[in-house]
Amino acid sequence: MRILALVLMLMALPAYAESVPAPVAPVVQQPEAPKSPRADYRRAERSPLAGDFSEYTAGKIAFLRAELQITEAQEPNFASFVEILKRYSDGMNKHRETMREQRRDMQAENQSNLATRLGLRIGTMEQDVQALKILQRALAEFYAVLTDEQKKSADNLLAHLAR
């Protein structure tokens with residue numbers, strides 16, 4: 001009897017196994033790859049302001065004017081400096097975009113050899129030096145009308161220009 005029961009159980013086992021669903025492996029989410037510090041910078045370049053910085057620039061100028069406590073007598077020198085600063089900033093942005101386009105074109109045409117890249121870099125540096133000299137003259141003229149305390153504030157507020 002026991003043998004018969006055992007045989008019947010063994011015969012029923014395949015049918016029972018087919019009716020029990022197979023275990024499903026749990027879904028494991030892969031951890032996100034760590035982000036590089038530059039990832040946020042690149043994302044910031046595509047911000048809603050990326051197309052038109054006029055409101056941003058106007059706000060920065062108003063902030064600078066208020067922080068430096070520009071007087072009525074200093075206003076013409078401040079306006080001249082801001083105009084040069086705007087031209088410098090616009091010129092640098094256009095210059096960088098031109099350089100990016102040149103590099104893309106060279107890569108597309110497989111002309112991206114070391115000598116060519118060095119030549120472009122030297123040209124870029126020479127243009128940067130010329131632009132910085134113009135900015136330096138404008139800054140010197142602006143600093144000439146500032147008080148010592150305003151100069152200290154300007155040194156902190158405009159430190160990014162010397163990086």
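Tutor: Leaving aside neighbours within four places in sequence, phenylalanine 78 is in contact with Ile61, Leu64, Arg65, Ile70 and Phe142. The model is a predicted one.

Student: Where does phenylalanine 78 lie?

Tutor: Phenylalanine 78 lies in helix H4. Its C-alpha atom is separated by 9.5 Å from that of alanine 138, 60 residues apart along the chain.

Student: Why is phenylalanine 78 called buried?

Tutor: Its relative accessible area is 0%. Buried means under 20%. Phenylalanine 78 is therefore buried.

Student: Which other residues of H4 are buried?

Tutor: Among them are Phe81, Val82, Ile84, Leu85 and Tyr88. Met92, His95, Met99 and Met106 are buried in H4 too.

Student: How do you know that the span of H4 agrees with its number of residues?

Tutor: H4 has 34 residues, 75-108. The expected span is 1.5 Å times one less than the number of residues.

Student: What comes just after H4?

Tutor: Asparagine 110, which takes a positive phi of about 55°.

Student: How many aromatic pairs does the structure hold?

Tutor: The structure holds three.

Student: What makes the pair of phenylalanine 81 and phenylalanine 142 stacked?

Tutor: The ring centres are 5.0 Å apart, and the planes are at 5°. Pairing needs centres within 6.5 Å, and stacking needs planes under 30 degrees apart. Both conditions hold, so the pair is stacked.

Student: Which parts of the chain does that pair link?

Tutor: Distant ones: phenylalanine 81 is in helix H4 and phenylalanine 142 in helix H5 (residues 114-143), 61 residues apart. Both phenylalanines are buried.

Student: Why is the pair of phenylalanine 142 and tyrosine 143 called edge-to-face?

Tutor: The planes of phenylalanine 142 and tyrosine 143 are at 65°, with the ring centres 6.5 Å apart. Planes over 60 degrees apart count as edge-to-face. The pair is therefore edge-to-face.

Student: What makes phenylalanine 142 and tyrosine 143 buried?

Tutor: Phenylalanine 142 has a relative accessible area of 1%. For tyrosine 143 the value is 18%. The cut-off is under 20%, so each counts as buried.

Student: Which residues do the ring pairs link into a cluster?

Tutor: Phe78, Phe81, Phe142 and Tyr143.

Student: How do you know that H4 is roughly antiparallel to H5?

Tutor: H4 and H5 pack at an angle of about 175°, with their axes 9 Å apart. Angles over 145 degrees count as roughly antiparallel. H4 is therefore roughly antiparallel to H5.

Student: How do the residues of the contact of H4 with H5 divide?

Tutor: They comprise 16 nonpolar, six polar and three charged residues.

Student: Threonine 124 lies in helix H5. Why does threonine 124 count as buried?

Tutor: Its relative accessibility is 14%. Buried means under 20%, so threonine 124 qualifies. Apart from neighbours within four places in sequence, threonine 124 is in contact with His95 and Met99.

Note on methods. Residues numbered from 1 in each chain as written. Predicted model: local features only at pLDDT ≥ 70, side-chain atom pairs only at ≥ 80, totals over all residues. Heavy atoms only, no water. Helix = DSSP H or I, 4+ residues; strand = E, 2+ residues; numbered from the N terminus. Buried < 20%, exposed > 50% of the residue type's maximum accessible area, 1.4 Å probe, protein only. Phe/Tyr/Trp six-rings, centres within 6.5 Å; stacked < 30°, edge-to-face > 60°. Axes fitted to C-alpha atoms, helices over the stretch in contact; angles between N-to-C directions. Parallel < 35°, antiparallel > 145°, perpendicular 65-115°, else oblique. Nonpolar A, V, L, I, M, F, W, Y, C, P; charged D, E, K, R; others polar. Contact = heavy atoms within 4.5 Å.
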